[in-house]
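Please open the model in your viewer and keep the selection panel at hand. The stops below are meant to be taken in order.

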Amino acid sequence: MPNSLIARTLFQPSLLAAALVATTLPSCAQSQTPPAPPLGLSGSVSLGVATMPRYEGSPNRRTIAAPDLSLSYRTADWGHVDLDHTGLGWTFFEQDALRAGLLLSADPGRKDRNVSGLGPAAGDDRLRGMGDVRASAEAGVTAGYGPLGLTYRKSLGQRGHRGAQVDLGVSWPVPLSDALALSLNAGASWADQRYLQAYFGVTPEQSAASGYGVYTPKAGLHKVDLGIGAEYALQSDLKLRASAGVSALGGDAKNSPIVSKKTGATGYVGLAWLF
């Protein structure tokens, strides 16, 4: 899935909200941290349907089948290794509410035409002449305190966007009953000039081929996100999952000539088997 997806006029309020959250973390981190899963292997297999914009800034939408596999292997002394749609991560340090780890992930890239099927890459005929952004591997580090998480990711090699991103996110679990639980999520992403040029910039050559005006964004805010998720246990190993989110482009990203809509909504519903 494309990375994973989830308001520019909300930028200042979002920064204020993040600051307020940061000041309250020491008092709420313990209560918001869920109990650790058992040692050994656990995971889930799910199948659902997802809907999203065809690319960030597109007015067109794409609805696809969304299978997913999540695995986690937890040890007593070496932390835990997790594999899911965000990539392969190793959390090597956990003490009370603090945690730190390493991440290996993939950026799916973007096509300059409509895409179909299960492929994670974005794409839209509106981008004809812009060329493809090739898929690339990324490496990063993660850190967190209670519900707050921070991730730095950098592209590896000379293909793809070749840039770097910093993601700040907060997630609050809200159990409502033994069977039903909600999660509330908020986040903001910063990107360097290379990343924003790859996805929102327009070179003279691209301008001549596509008709969009030349545009060179600077490093800065990429987007802010708000989301909600729900999980309902049909039985102990079978759960119904759903989520909805809104993402708003910010900084120079929102002013790109390829951006038709500065905000975009995503949605997902599916069944997950846990083991």
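This is a predicted model: local features need pLDDT of at least 70, side-chain atom pairs count only at pLDDT 80 or more; totals for chains, interfaces and linings use all residues.

The tour goes from the barrel to its strand pairs and then to a helix and a nonpolar core.

Begin by selecting the strands S1, S2, S3, S4, S5, S8, S9, S10, S11, S12, S13 and S14: in the order S1-S2-S3-S4-S5-S8-S9-S10-S11-S12-S13-S14 they make a closed barrel of twelve strands, with antiparallel pairing. On average, neighbouring strands of this sheet are turned by 20 degrees against each other, direction ignored. Strands of a sheet pair through backbone hydrogen bonds, so displaying these bonds is a way to follow the pairing.

**S1 and S14.** Select residues 40-53 (S1) and 263-274 (S14), which pair in the antiparallel sense over eight bridges.

**S4 and S5.** Next, take residues 87-95 (S4) and 98-107 (S5). These strands are antiparallel and share seven bridges. Leu-88 faces Leu-104 in S5 across the pair. Now go to the turn: S4 and S5 form a hairpin with two residues between them, and Asp-96 in the turn has a positive phi of about 55 degrees.

**Helix H2.** Select residues 193-200, helix H2. The helix lies across S5, S10, S11, S12 and S13, and runs at about 75 degrees to S12. The buried residues are Tyr-195, Leu-196, Gln-197, Ala-198, Tyr-199 and Phe-200. To see what they pack against, show S5, S6 (110-111), S10 (164-175), S11 (180-191), S12 (220-235) and S13 (238-249).

**The nonpolar core.** Show side chains for Met-130, Leu-196, Tyr-199, Phe-200, Val-202 and Ile-258. These have the most contacts inside the largest nonpolar core, which has 18 residues. The largest share of this core, five residues, comes from H2.

**Tyr-199.** Which residues is Tyr-199 in contact with, leaving aside its neighbours within four places in sequence? They are Asp-107, Gly-109, Arg-110, Val-133, His-161 and Ile-258. Of these, Ile-258 was already on display as one of the core residues with the most contacts.

Technical notes: Residues are numbered from 1 along each chain as its sequence is written. Side-chain values use heavy atoms; hydrogens and water are left out. Two strands pair if DSSP finds at least two bridges between them. Helices (H or I, at least four residues) and strands (E, at least two) are DSSP runs, numbered from the N terminus. A nonpolar core is a set of buried Ala, Val, Leu, Ile, Met, Phe, Trp, Tyr and Cys residues joined through side-chain atoms within 4.5 Å. Buried means under 20% relative accessible area, exposed over 50%, partly exposed in between (1.4 Å probe, protein chains only). Contact means heavy atoms within 4.5 Å. Axes are lines fitted to C-alpha atoms, for helices over the stretch in contact, and angles run from 0 to 180 degrees between N-to-C directions.
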